[in-house]
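User: Hey, I'm new to this one. Could you walk me through it?
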Amino acid sequence: MRVIRHQAALLDANSYVVVADQAKLAVIIDPTADLDSDLEPLLAAGVAVEAVILTHGHFDHIAGCRLCNTLWSDAKVMVHEADSHLLSDPDANLSSWFL
């Protein structure tokens with residue numbers, strides 16, 4: 001098992017990809033918008049992402065969800081129910097302020 005840490009250009013937010021190489025399975029934690037360079041090798045290697053885990057719903061931690069869904073449409077997106085409203089509210093997740 002290995003952990004890939006990615007520090008985003010915007011606000012230095014951290015994303016993590018936990019990969020079980022032998023099983024070709026992974027989970028992504030807090031996908032940032034510029035995570036694509038770390039995800040493309042996984043896709044090429046046939047790694048399946050089972051879940052995208054969001055520690056909270058601020059824009060800098062959810063900005064890569066659409067990319068993850070495009071690459072792995074079966075991956076579940078998981079967030080605490082108290083933050084679930086942030087996923088669809090640009091004012092609440094602060095994306096309307098920064099993007």
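User: Which backbone oxygen lies 2.4 Å from a polar atom of the side chain of Ser15?

Analyst: That's the backbone oxygen of Asp30. Keep in mind that this is a predicted model.

User: Where is Ser15 found, and is Ser15 buried or exposed?

Analyst: Ser15 sits in strand β2. Ser15 counts as buried because its relative accessible area is 0%, and the cut-off for buried is under 20%.

User: What does Ser15 touch, not counting residues up to four places away in sequence?

Analyst: Ser15 touches Ile4, Arg5 and His6, then Ile29, Asp30, Pro31 and Thr32, plus Leu35, with residues up to four places away in sequence left out.

User: Back to Asp30, then. Where does Asp30 lie?

Analyst: Asp30 is in the loop between β3 and α1. Asp30 is buried too, with a relative accessible area of 4%. Its phi is positive, about 55 degrees, although Asp30 is not a glycine.

User: Which side chain does a polar contact of 3.0 Å join to the side chain of Asp30?

Analyst: The side chain of His61. His61 belongs to helix α2 and is buried, at 13% relative accessible area.

User: And what does His61 touch, leaving out residues up to four places away in sequence?

Analyst: Asp30 is on that list, along with Ala13, Asn14, Pro31, Leu54, Thr55 and His56.

User: Okay, new topic: the core. Which residues touch the most other members of the largest nonpolar core?

Analyst: Val17, Ile28, Leu39 and Val52, out of 17 residues in that core. The elements giving two or more residues to this core are β2 (14–20), β3 (25–29), α1 (36–44), β4 (48–54) and α3 (65–71).

User: Which element gives the most to this core?

Analyst: β4 does, with three residues.

User: Let's pick Val17. What does Val17 touch, again without residues up to four places away in sequence?

Analyst: Val17 touches Arg2, Val3 and Ile4, also Ala26, Val27 and Ile28, and then Leu39 and Leu42.

User: You mentioned Val27. Is Val27 buried or partly exposed?

Analyst: Val27 counts as partly exposed because its relative accessibility is 22%, while buried requires under 20%. Val27 is in strand β3.

User: What is Val27 in contact with, aside from neighbours within four places in sequence?

Analyst: Tyr16, Val17 and Val18, as well as Ala51 and Ile53. As for Val3, its C-alpha is 9.8 Å from that of Val27, and the two residues are 24 residues apart in sequence.

User: Last topic: pockets. How much space lies in the largest pocket?

Analyst: About 190 Å³. Eleven residues line the largest pocket, and Ile62, Ala63, Arg66, Leu87 and Asn93 lie nearest its centre. α2 (59–62) and α3 are the elements that give two or more residues to the lining.

User: How many of the residues lining the largest pocket are nonpolar, polar and charged?

Analyst: Seven are nonpolar, two are polar and two are charged.

Note on methods:
Residues numbered from 1 in each chain as written. Predicted model: local features only at pLDDT ≥ 70, side-chain atom pairs only at ≥ 80, totals over all residues. Heavy atoms only, no water. Core = buried A, V, L, I, M, F, W, Y, C linked by side-chain atoms within 4.5 Å. Buried < 20%, exposed > 50% of the residue type's maximum accessible area, 1.4 Å probe, protein only. Helix = DSSP H or I, 4+ residues; strand = E, 2+ residues; numbered from the N terminus. Contact = heavy atoms within 4.5 Å. 1 Å grid on protein atoms, 1.4 Å probe; cavity = no way out; pocket = protein on both sides within 12 Å on 5 of 7 lines; lining within 4 Å. Points joined across faces, edges and corners; volume = space filled by probe spheres on them. Nonpolar A, V, L, I, M, F, W, Y, C, P; charged D, E, K, R; others polar. Polar contact = N/O pair within 3.5 Å; in protein donor to acceptor, adjacent residues only side chain to side chain.
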